[in-house]
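User: Can you walk me through this model? I'd like to start with the ligand site.

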Amino acid sequence: MSHTLYSFRRCPYAMRARLAIKSANIPCEIREILLRDKPLAFLEASPSGTVPCMLLNDGTVLDESFDIMRWALKQNDPEALLAPNESEMDELIKVCDGEFKLRLDGYKYPNKDFPVVGHTARDDAMKFISTLETRLSNSAFLFGPKISLADLAILPFIRQFAHVDMEWFYAQEWPNVIFWVDGFKSSDAFTAVMKKLPPWQPDDAPITFAEAYAQV
Ligand SMILES: N[C@@H](CCC(=O)N[C@@H](CS)C(=O)NCC(=O)O)C(=O)O
């Protein structure tokens, strides 16, 4: 039995997991699911009912995107994504997943019940983008001249923030963030892991991650 990744194409948490698995070249089966129609096998595997969820072939379940990234890269890290200081990267990712994500959701869904919504949420979220802009004005990536785990973990969320109102985002004074996001969006790795897959059905023949997301 191989490892199995449950994923949803547009979920930024699932994107970061796919990016790490792709970089680490971990052999696994990929199962694209629909969040509005979660398959039973997924619900049985995932304690939280969220994607991504990685079911390892020894029965272990990795239910957090960040755990999947670190697990994959600890097996194999050809791009040295784990090279920068671990706790410094974790700290920045924690801000992204915490305060920034909450503001991103408040900005994206102004009618939902978030502590801060709309343009106030956007203004708050800008603080994190400014932190990134400062870092990126010193180096091409967040932790130096080469891409790292932190870049892969954070970029899908900045892309999502940019896409709420692209005209506004691209009019802001953060040229380095814009260059960084644009580079990511057009990268071979991101293009590959954003390929569309049909939703998995229990009777389907397994699709390997490598064949699903082969680079063209
Ligand atoms: N902390 C989790 C969060 C994952 C998460 O919230 N994923 C969303 C999709 S982007 C989800 O599956 N939500 C469940 C649902 O919408 O039913 C992780 O990092 O993996």
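Analyst: First, the classes: Ala, Val, Leu, Ile, Met, Phe, Trp, Tyr, Cys and Pro count as nonpolar, Asp, Glu, Lys and Arg as charged, and the others, Gly among them, as polar. The shell around the ligand has five nonpolar, three polar and three charged residues. This is a predicted model, where local features need pLDDT of at least 70, side-chain atom pairs count only at pLDDT 80 or more, and totals for chains, interfaces and linings use all residues. Residues are numbered from 1 along each chain as its sequence is written, and side-chain values use heavy atoms, with hydrogens and water left out.

User: Which residues are around the ligand?

Analyst: C11, Y13, L35, K38, G49, T50, V51, P52, D63, E64 and S65, each with a heavy atom within 4 Å of the ligand.

User: What lies 2.7 Å from a nitrogen atom of the ligand?

Analyst: A polar side-chain atom of E64. A polar contact here is a pair of N or O atoms within 3.5 Å.

User: Where is P52, and what kind of peptide bond joins V51 to it?

Analyst: P52 sits in the loop between α2 (40-45) and β3 (53-55). The V51 to P52 bond is cis, with omega about 0°. Helices (H or I, at least four residues) and strands (E, at least two) are DSSP runs, numbered from the N terminus.

User: New topic. At what angle do α5 and α8 cross?

Analyst: Roughly 85°, with the axes of α5 (residues 118-138) and α8 (residues 175-185) coming within 8 Å. Axes are lines fitted to C-alpha atoms over the stretch in contact, and angles run from 0 to 180 degrees between N-to-C directions. So α5 is roughly perpendicular to α8, a label for 65 to 115 degrees.

User: Which residues of α5 and α8 meet?

Analyst: I129, L132, E133, L136 and S137 in α5 meet P175, N176, V177 and W180 in α8, contact being heavy atoms within 4.5 Å.

Definitions and conventions. Polar contact = N/O pair within 3.5 Å; in protein donor to acceptor, adjacent residues only side chain to side chain. Parallel < 35°, antiparallel > 145°, perpendicular 65-115°, else oblique.
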